[in-house]
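I opened my notebook to look up a few things in a protein model, one entry at a time. Follow along with the structure beside you.

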Amino acid sequence: VQLQASGGGLVQPGGSLRLSCAASGSISSINVMGWYRQAPGKQRELVALIASGGTTNYADSVKGRFTISRDNAKNTVYLQMNSLGPEDAAVYYCNVNAVTYGSLRPVGYWGHGTLVTVSS
């Protein structure tokens with residue numbers, strides 16, 4: 001399974017970005033999809049998760065500003081980020097919990113990360 005993330009970049013405080021992450025490969029099904037982030041000198045932290053049925057979970061720090069969504073037909077997860085602040089600057093990683101053909105158990109896969117910089 002390969003994950004291709006895109007959409008990061010430089011944005012001014014208060015601005016918006018939309019991240020995308022497309023999963024490809026021998027995928028039978030995808031359970032949970034999510035976004036994590038890691039700022040310099042900090043541990044990787046959960047940003048948002050979305051289950052196959054659409055149930056979402058957000059870190060308190062992004063509630064009301066970020067929206068996670070997914071397109072199951074495209075095996076793609078999105079993260080709409082609004083009202084961005086310097087505290088949101090980080091490398092954002094997508095993660096999917098997928099079952100591949102020939103396997104019975106889901107395995108977690110990570111994307112390569114996309115950099116979000118918030119600066120005026």
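These entries go through a strand, a disulfide, some salt bridges and a nonpolar core.

**Entry 1: what I am looking at**

I noted before anything else that this is a predicted model. I kept that in mind for every value below.

**Entry 2: strand E8 and its partners**

I began with strand E8, which covers residues 76-81. Is E8 enclosed or open? I found that five of its six residues are buried, so the strand is largely enclosed by the rest of the structure.

Next I looked up the pairing. E3 runs antiparallel to E8, with six bridges between them. E7 also pairs with E8 in the antiparallel sense, again over six bridges. I picked out one bridge on each side. Cys21 has Val77 as its bridge partner in E8, and Thr67 stands opposite Gln80 in E8.

I then followed the chain from E7 into E8. These two strands form a hairpin, with four residues between them. In that turn, Asn75 has a positive phi of about 50°.

**Entry 3: a closer look at Thr76**

Thr76 belongs to strand E8. I looked up its accessibility, which is 7%, so Thr76 counts as buried because the cut-off is under 20%. What does the side chain of Thr76 find for a polar atom? One of its own polar atoms lies 2.9 Å from the backbone oxygen of Lys74.

I also listed what Thr76 touches, leaving out residues up to four places away in sequence. Among them are Cys21, Ala22 and Met33, and also Ser69, Arg70 and Asp71.

**Entry 4: the disulfide**

How many disulfides does a search of the whole structure find? I got one. The bond joins Cys21 to Cys94, with the sulfur atoms 2.0 Å apart. Cys21 sits in strand E3 and Cys94 in strand E9, so this pair links parts of the chain that are 73 residues apart.

The torsion about the S-S bond of Cys21 and Cys94 is about 45°, so the disulfide is right-handed. Both ends are hidden: Cys21 is buried at 1% relative accessibility, and Cys94 is buried at 0%.

**Entry 5: the salt bridges**

I reminded myself that side chains of opposite charge can pair when their charged atoms come close. The count here comes to four salt bridges. Which residues are linked in a network of salt bridges? I wrote down Arg37, Glu45, Arg65 and Asp88.

I took the network pair by pair. Glu45 and Arg37 meet with 2.7 Å from N to O. Glu45 is partly exposed, at 36% relative accessibility, whereas Arg37 is buried, at 5%.

Asp88 also forms a salt bridge with Arg37, and the closest N and O atoms are 2.9 Å apart. Asp88 lies in the loop between E8 and E9, and Arg37 in strand E4, so this pair ties together parts that are 51 residues apart in sequence.

Asp88 has a relative accessibility of 0%, so it counts as buried. A further salt bridge joins Asp88 to Arg65, at 2.7 Å from N to O. That pair also links distant parts of the chain, 23 residues apart, with Arg65 in the loop between strands E6 and E7. Arg65 is buried, as Asp88 is.

In soluble globular proteins, nonpolar side chains tend to be buried together. The largest nonpolar core here has 32 residues, and Trp35, Leu79, Met81 and Tyr92 touch the most other members. Several strands each supply at least two residues of this core, including E1, E3, E4 and E8. Which strand gives the most to this core? I found E9, with five residues.

I looked up Met81 as one example. Leaving aside its neighbours within four places in sequence, Met81 is in contact with residues that include Leu17, Leu19, Phe66, Tyr92 and Val116.

Technical notes:
Residues numbered from 1 in each chain as written. Predicted model: local features only at pLDDT ≥ 70, side-chain atom pairs only at ≥ 80, totals over all residues. Heavy atoms only, no water. Salt bridge = Lys/Arg side-chain N within 4 Å of Asp/Glu carboxyl O. Buried < 20%, exposed > 50% of the residue type's maximum accessible area, 1.4 Å probe, protein only. Core = buried A, V, L, I, M, F, W, Y, C linked by side-chain atoms within 4.5 Å. Contact = heavy atoms within 4.5 Å. Polar contact = N/O pair within 3.5 Å; in protein donor to acceptor, adjacent residues only side chain to side chain. Disulfide = S-S within 2.5 Å. Pairing = 2+ DSSP bridges.
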